[in-house]
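Let us walk through this model step by step. Keep the sequence and the 3D view side by side.

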Amino acid sequence: MSVRVRIPTPLRPYAGGRNEVAVSATTVQSALDALVAEAPELRPQLLAEDGTLRSFVNLYLNGEDVRTRAGLATPLADGDELKVVPAIAGG
Amino acid sequence: MSLDAGRPVRLAAQAEAAIRREAARAYPHEGCGALVGPAEGEVSETLPLANRESASPRTRFTVAPLDYLAAEEGAEARGLRLLGFWHSHPDHPARPSATDRQYAWPGLLTLVIAVERGEPRDLTAWDVPGPEAPFRQVELQVGP
């Protein structure tokens, strides 16, 4: 299935300047795998060493946080847009 | 990916006024907003954002992910770029905190404004030149 992954401003330098990468994937996990295979510099920005999503990164699918669905196992449909959103916070 | 060393950030006067107004309005809580402009280092406007921090809004700020997306996508739909974020430090200096560094992203500009007893004071600009780098202060030029 063809899925578009939206890359946010601070991560675009790690994706060759692109704001969107098209991947073939059936789950959020396989979309991330395909994304970091195509743009390896994104891996440490998105994933912890154990392969889980970094806490500073959110993934939104059709307006919903995938953590509130099945996380990385959330299934994807053809034409879905997965949006990477950096956590913005401070003190 | 980061601002060139020594390269000042230009901030439109009306954007600076909006930051001061919003920071005062948010007091004693932290206020925050997005910085938008036509090119890196050129902030032409700010978009006020809600501080979604519920536990400690006087000492923390949080931008909701959907608010982030609305700011970034809204700017790009108008041919502009999301350049970074500003937030206020109620009754604290306009210097990034340890928490600010924890959440900082290289490639996003950080503006910090001090608000003393409700009055907006110093406004400073910072960037992070690399993933493990500390904040670096950059010159802020306010103009038309």
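Start with A:Gly90, which sits in strand 6 of chain A. Helices (H or I, at least four residues) and strands (E, at least two) are DSSP runs, numbered from the N terminus. This is a predicted model: local features need pLDDT of at least 70, side-chain atom pairs count only at pLDDT 80 or more, and totals for chains, interfaces and linings use all residues. Residues are numbered from 1 along each chain as its sequence is written, while chains are lettered from A and ligands numbered from 1 in the order in which they are written.

Is A:Gly90 buried or exposed? A:Gly90 is buried, because 25 other C-beta atoms lie within 10 Å. The cut-offs are 20 or more such atoms for buried, 12 or fewer for exposed, and partly exposed in between, with C-beta atoms placed from the backbone. Beyond its neighbours within four places in sequence, A:Gly90 contacts B:Phe61, B:His87, B:Ser97, B:Thr99, B:Asp100 and B:Tyr103. Contact means that the C-beta atoms, placed from the backbone, lie within 7 Å.

Strand 6 of chain A also pairs with strand 5 (residues 61–63) of chain B, antiparallel, over 3 bridges. Pairing needs at least two DSSP bridges. A:Ala89 has B:Thr62 as its bridge partner.

Now turn to helix 1 (residues 28–38) of chain A. Here A:Val28, A:Ala31, A:Leu32 and A:Leu35 are buried. Down the axis of helix 1 of chain A, the buried residues fall within an arc of 95°, so they line one face. That arc is taken from the directions from the helix axis to the C-beta atoms.

Technical notes:
Contact = placed C-beta atoms within 7 Å.
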